[in-house]
Amino acid sequence: MTAPKLALTEGDLSTTAADAVVVGTLQGANGLELAPGAEAVAAAFDGALLDVLGTLRASGKADELVKVPTFGKIAAPLVLAVGLGKSAGEEQVRRASGVAARALAGKKRAITTLAALHVGAAAEGTLLGAYTFTEYKSDKGEGPVVKVDLHAAGSKENKAALKAAVAIAEAVATARDFINTPPNDLYPGSFADRAAKLATAAGLDVEVLDEKALKKQGFGGILGVGGGSTRQPRLVRISYKGAKAVKKVALVGKGITFDTGGISIKPAANMDEMTSDMSGAAAIVATMVLAAKLKYPLEIIASIPMAENMPSGDAYRPGDVLTMYGGKTVEVLNTDAEGRLILSDAIVRACEDGPDYLIETATLTGAQVVALGKRTSGVMGSDEFRDRVASIGTAVGESAWPMPLPEELRADLDSRLADLANVTGHRWGGMLAAGLFLREFVAEGVQWAHIDIAGPAFHTGGPYGYTSKGGTGVPVRTIAAVLADIAANG
């Protein structure tokens, strides 16, 4: 996508030429308030800006947008007042910046005072809010605003925050692009090629295992799931090693480029949304490129399984027993529980590298959406690391909630034929049972976290905050923040 150019500026807001100036509003204890940073604009209106906004029924609530013509009081012809809600924290600034960025589509230049509250959040929100995916449209519509000046001091800290925010937003946009690409163009082979090209350009080491290599090495889960498609599966391995690496981290992401459910076929309604079933893989590819840009002092190795789950004469069946990578056997009771099968192969391979931590993410279960809704990810795994990941995710604006792995559910995965079955015989605790299944393949001593993003990965409604319709890029920012935390704190 074409993204706005961002720059720090300390110019006079009243005289700087621009198409619009963005200010923040708050729901204060005594009513509508202007957020810090808007003082110069308010002064140019002789203190009447709040009265004008009140006349226009502005309340300051989150995601609110009110447009005010300036009538020459400042150089810019328009003020965009965006609501922050009851506080001006980082996530509120991020969301308000996204709302403003969408409203600025087609403009050449804007100035945002939200950067005075938090430079990084304002930059991230602006870039993500301006995101569009128009590759397949004949009419591309208005492009994003060309340039946005962040009205904040050009300090060393602010410059560093801006640089990091741009890199993170670019990674999220990369993941969104992958997710939004239709499955006739993004299938295991093409996805692997695109991932390898991006990673190689970033200076990363890449290995791609095709169906022959997968068969030779015994990746029974990936081959079983991908066998029903004429477009054969892949396993992409991407490696990064930063200077003075303090820890080794393994990343794994589910890459089902389209999920029909296989022989256990899904209902037709909303099956088109299964183009997003590779969102976990998209996030991991994007995060690896980001790691290279931000030069984390870590060793990070990603194992990314890619397959298309299709029904055909070659498809795996309910009742089949698959021999997974590493030797464990799994009885398939439902071919629509395919993600955990390809992930298990990748997890075992990832653990062979001897990581200290393993982070895995997937659009894994409909049960996640039932339990936590469309915007909150469920996090399972080692208790301490699980809580750490969930806390960090929520702090960066990707809502996450730690979930248990109840031991009483483990027996429900017992199989009469194999080491375990891929689903339980009931509907209770489906997200938790999937986590228990994955735990069976994590090596002893590895701190791990599984992030179920079935709901948060793909947004089907209208845009809000900095989130557009379609792929969201969750949980790129969570994983990036976790990596930064491991680099800083071990």
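**View 1. The lining of the largest cavity divides into seven nonpolar, three polar and no charged residues.** Here Ala, Val, Leu, Ile, Met, Phe, Trp, Tyr, Cys and Pro count as nonpolar, Asp, Glu, Lys and Arg as charged, and the others, Gly among them, as polar. The model is predicted, with local features needing pLDDT of at least 70 and side-chain atom pairs pLDDT 80 or more, while totals for chains, interfaces and linings use all residues. Residues are numbered from 1 along each chain as its sequence is written, and side-chain values use heavy atoms, without hydrogens and water. A cavity is a set of points on a 1 Å grid over the protein atoms alone where a 1.4 Å probe fits but cannot get out, and its lining residues have an atom within 4 Å of a point. The volume, about 60 Å³ here, is the space filled by probe spheres set on the points, which are joined across faces, edges and corners. Helix α3 (90–103) gives the most to this lining, with three residues.

**View 2. The second largest cavity holds about 30 Å³ of space.** Look for S377, E398, S399, A400, I451, V474, P475 and T478 around it. By class, four of these are nonpolar, three polar and one charged.

View 3. Helices (H or I, at least four residues) and strands (E, at least two) are DSSP runs, numbered from the N terminus. Strand β8 (residues 205–209) runs antiparallel to β9, joined by five bridges; two strands pair if DSSP finds at least two bridges between them. V206 has I238 of β9 as its bridge partner.

Note on methods
On a 1 Å grid over the protein atoms alone, a cavity is a set of points where a 1.4 Å probe fits but cannot get out, and a pocket is an open set with protein on both sides within 12 Å along at least five of seven lines; lining residues have an atom within 4 Å of a point.
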